[in-house]
Amino acid sequence: NYFTIITVCTVLICLVEHLKSGLLNTLKVWMHTEDEPLVIDDIAYKNENERNADQCTSRGCLWPKSADGKVYIPYMIANHYTSRELSVIERGLQSFSDVSCIRFTRRSSERDYLSIQSHNGCYSYVGRLGYSQTLSLDQAGCIYHSTVQHELLHALGFNHEQCRSDRDQYIRILWENIQSGLAYAFDKLDTLNLNTPYDYNSVMQYHRYAFSANNQPTMVPIPDSSVSFGTATEMSMNDITRLNRLYNC
C-alpha cells in the first residue's frame, strides 16, 4: 500500500541533518510559545502527548492527489528571509516538481498549507497536519538545499533512514558512543520500505557521528566500514523513487 507512511520513526533526532549543513550535533527540545509546537529534533508535535505517537498513519497524513494526477501543496514563505535565502528555499521547493508529481504552489485561499518560517531550528511535522502547518527553516543554520529537501520530505510523510526495519544489515549502531539518554534515537522500527534498498546516500540519513558522546562514531556501515554516508547534498535516486511510489506518481 503506497499510501502508508515510509520509514515511520518514533524517535526524533538531532538538529544535524548533514555534516555540510554546519548545524549543532546535539539534541534539543523546545517548548515554544502558544503559537509554536513542541519540537524534538527536527520534528514538530502539537503537544507533549504526541511525542511517541504514530501521528501520521493515525490521521491519514498524505497530501491528496488532484484529478490531473498532480499533488498540489500550497505554501507561504514568511517575509523575513533575504533574497539569497529565498532563492535556496524556492530551489528546494521546485526540485520536487522536476522529479515527481509533487507541486509546491503559492497559497491563495487553500485551507491546508505549509507556512515556511524562521523559528528556533529546522523542523517539520510529518505529513499533512491540516490548516496552517509550520515548517521551520531557521535563518541561523537551516538554509541549505539538502536541509530544505529534508524538511519538505518530512512534510510529505517521510522519516529518517536509520530507522528502517532492515538497517542492521547495513548499519551497526555503536551504543557505547551515544549520548546518555539518546539511545532511543537509534531504535529500529517495523517500516514499509517500498521495495527500495537501504540508502547511505539518502538525504534522510544521519551522519556517522550523530549524537556522539565522545567524538567517536555512533553508526558505522557494514560490511565495509569505510563507506561514506550521511553527507547527502540533495535527494538521492532512492529518495526520488520512494517519493514517486508513495504518491503513486
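Predicted model: local features only at pLDDT ≥ 70, side-chain atom pairs only at ≥ 80, totals over all residues.
Q: How many aromatic pairs does a search of the whole structure find?
A: Rings of Phe, Tyr and Trp (its six-membered ring) pair if their centres lie within 6.5 Å; planes under 30 degrees apart count as stacked, over 60 as edge-to-face and the rest as tilted. Here the search finds six pairs. One of them joins tyrosine 170 and tyrosine 198. This pair is stacked, at 5.5 Å centre to centre and 15° between the planes.

Q: Which parts does that pair tie together?
A: Helices (H or I, at least four residues) and strands (E, at least two) are DSSP runs, numbered from the N terminus. Tyrosine 170 lies in the loop between α3 (145–156) and β9 (171–173). Tyrosine 198 lies in the loop between β9 and β10 (219–221), so the pair ties together parts 28 residues apart in sequence.

Q: Is tyrosine 198 buried or exposed?
A: Buried means under 20% relative accessible area, exposed over 50%, partly exposed in between (1.4 Å probe, protein chains only). Tyrosine 198 is buried, at 7%. Tyrosine 170 is partly exposed, at 27%.

Q: What does an edge-to-face pair look like here?
A: Take tryptophan 175 and phenylalanine 186: their centres are 6.4 Å apart, with 80° between the planes. Tryptophan 175 is partly exposed at 43%, whereas phenylalanine 186 is buried at 2%.

Q: Which residues do ring pairs link into a cluster?
A: The cluster holds Tyr170, Tyr198, Tyr200 and Phe229.

Q: Where does a charge sit over a ring?
A: The test is NZ of Lys or CZ of Arg within 6 Å of the ring centre and within 35 degrees of the ring normal. The charged end of arginine 107 sits over tyrosine 113, 3.9 Å from the ring centre. Arginine 111 lies over the face of tyrosine 131, at 4.4 Å.

Q: Which strands pair with β8?
A: Two strands pair if DSSP finds at least two bridges between them. Strand β6 (residues 113–117) pairs with β8 in the parallel sense, over five bridges. There, serine 115 stands opposite threonine 134. Strand β7 (residues 122–124) pairs with β8 in the antiparallel sense, over three bridges. Tyrosine 123 stands opposite serine 136 in β8.

Q: Why is β8 largely enclosed?
A: Five of the six residues of β8 (residues 132–137) are buried, so the rest of the structure largely encloses this strand.

Terms used. Residues numbered from 1 in each chain as written. Heavy atoms only, no water.
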